[in-house]
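Grab a pencil and keep the viewer open.

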Amino acid sequence: MMNKDVDVFPDVEPEGDKVYRLAEAVTSLIPAGQAVLHSLISPPVQKRMEAWVASVEQRLIVLANSDKIDLEQLANKQEFSALVLRSIQTAAITSQNDKLTHLKNFIINVALKSDANEDELYVLLDILNEFTPSHIKVLHFYSKPELYTNKIAKVPNTSPPNNQAQGRELSIVFEQGDVEYWQNIFWAVSGRHVVTNHTTSVKANLVQPQTVSGTATHLGLKLLDMVSE
């Protein structure tokens, strides 16, 4: 069990200073002399980072207290600290709560999965860095379409024009956004090889089996596992 005097992020300046320096590094991208823009951006960045880092730390402490992870052991793993820092950098430049949750869950799962392949974790984190919550929603849909049968039943069986089967399907399932928006989201997730355009037959709770226009890949399932609590 970890000693109470050992920090979650050891051998680094205190958490408040660390978060402040990261927030300052982000806002330093604003050209000198732009005081108004700096004053609009800096406070929310620092506030968001303080809250996010605190939530990650609290979750790690809970896991340590239940003997699910060893914080001292994690502190000696360079790959863990590197992945945490990269996740923090991404968190600093997003205000999307769902994405912040995905990043937090990623860190927690890295801590829990001590045997995970380091190269694979970097690949998954790079994908997560690029994705918005909409990309993860699409990945989840094509990984478990049986959870969306009520919405799938509303999708017409006729082929849409302009090769936008996924866009039409997703706009109906999620009941927001237009076909072009969701088609671009689909192309992005398929471009990262977490979803393919191979069709999947869905039977649960449907009078007749219905086909959805995609399926999650093995890599996509691994990404979902890493961003889930």
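Before we start, one convention: angles under 35 degrees count as roughly parallel, over 145 as roughly antiparallel, 65 to 115 as roughly perpendicular, and the rest as oblique. Axes are lines fitted to C-alpha atoms, for helices over the stretch in contact, and angles run from 0 to 180 degrees between N-to-C directions. This is a predicted model, in which local features need pLDDT of at least 70 and side-chain atom pairs count only at pLDDT 80 or more, while totals for chains, interfaces and linings use all residues. Residues are numbered from 1 along each chain as its sequence is written, and side-chain values use heavy atoms, with hydrogens and water left out.

**Exercise 1. Get your bearings: how many helices and strands does the protein chain have, and what share of its residues is buried?**

Step 1. Count the DSSP runs, numbered from the N terminus: helices are H or I with at least four residues, strands are E with at least two. The protein chain comes out with 11 helices and 4 strands.

Step 2. Sort by relative accessible area, where buried means under 20%, exposed over 50%, and partly exposed in between (1.4 Å probe, protein chains only). Of the 229 residues in the protein chain, 41% are buried.

Step 3. Look at contacts, meaning heavy atoms within 4.5 Å. Take those between residues at least 6 apart in sequence: 64% of them join residues at least 24 apart.

**Exercise 2. Work out how α7 sits against α9, then against α10.**

Step 1. For α7 and α9, the axes cross at roughly 95° and come within 12 Å. The two helices are therefore roughly perpendicular to each other.

Step 2. List who meets whom. From α7 come Lys 137, Val 138, Phe 141 and Tyr 142, and from α9 come Gln 166, Glu 169, Leu 170, Val 173 and Phe 174.

Step 3. Sort them by class: Ala, Val, Leu, Ile, Met, Phe, Trp, Tyr, Cys and Pro are nonpolar, Asp, Glu, Lys and Arg are charged, and the others, Gly among them, are polar. The contact of α7 with α9 splits into 6 nonpolar, 1 polar and 2 charged residues.

Step 4. Now α10 (residues 179–191): its axis and that of α7 come within 9 Å and cross at roughly 75°. So α7 is roughly perpendicular to α10. The α7 side includes His 135, Val 138 and Tyr 142, and among the α10 residues are Trp 182, Ile 185 and Phe 186. By class, that contact has 8 nonpolar, 2 polar and 1 charged residues.

**Exercise 3. Is Leu 170 buried or exposed, and what does it touch?**

Step 1. Find Leu 170 in helix α9 (residues 165–174).

Step 2. Leu 170 counts as buried because its relative accessibility is 0%.

Step 3. Skip residues up to four places away in sequence, and Leu 170 touches Val 138, Phe 141, Tyr 142, Glu 175, Trp 182 and Phe 186. Tyr 142 is 28 residues away along the chain, with 9.9 Å between the two C-alpha atoms.

Step 4. Follow up on Glu 175, which is in the loop between α9 and α10. Glu 175 has a positive phi of about 55° although it is not a glycine, and at 52% relative accessibility it counts as exposed.

**Exercise 4. Describe α6 and how it packs with α4.**

Step 1. Helix α6 (residues 118–130) has 13 residues and reaches 19 Å from first C-alpha to last, close to the expected 18 Å (1.5 Å times one less than the number of residues).

Step 2. Its buried residues are Leu 121, Tyr 122, Leu 124, Leu 125, Ile 127 and Leu 128, and they pack against α4 (78–92), α5 (97–112), α7 (133–143) and α11 (218–227).

Step 3. α4 and α6 pack at about 5°, with axes 11 Å apart. That makes α4 roughly parallel to α6. Among the residues in contact are Glu 79 and Leu 83 of α4, and Leu 121 and Leu 125 of α6. By class, there are 5 nonpolar, 3 polar and 4 charged residues.

Step 4. Zoom in on Leu 121, buried at 7% relative accessibility. Leaving aside neighbours within four places in sequence, Leu 121 is in contact with Leu 83, Phe 106, Val 110, Ala 116 and Met 226.
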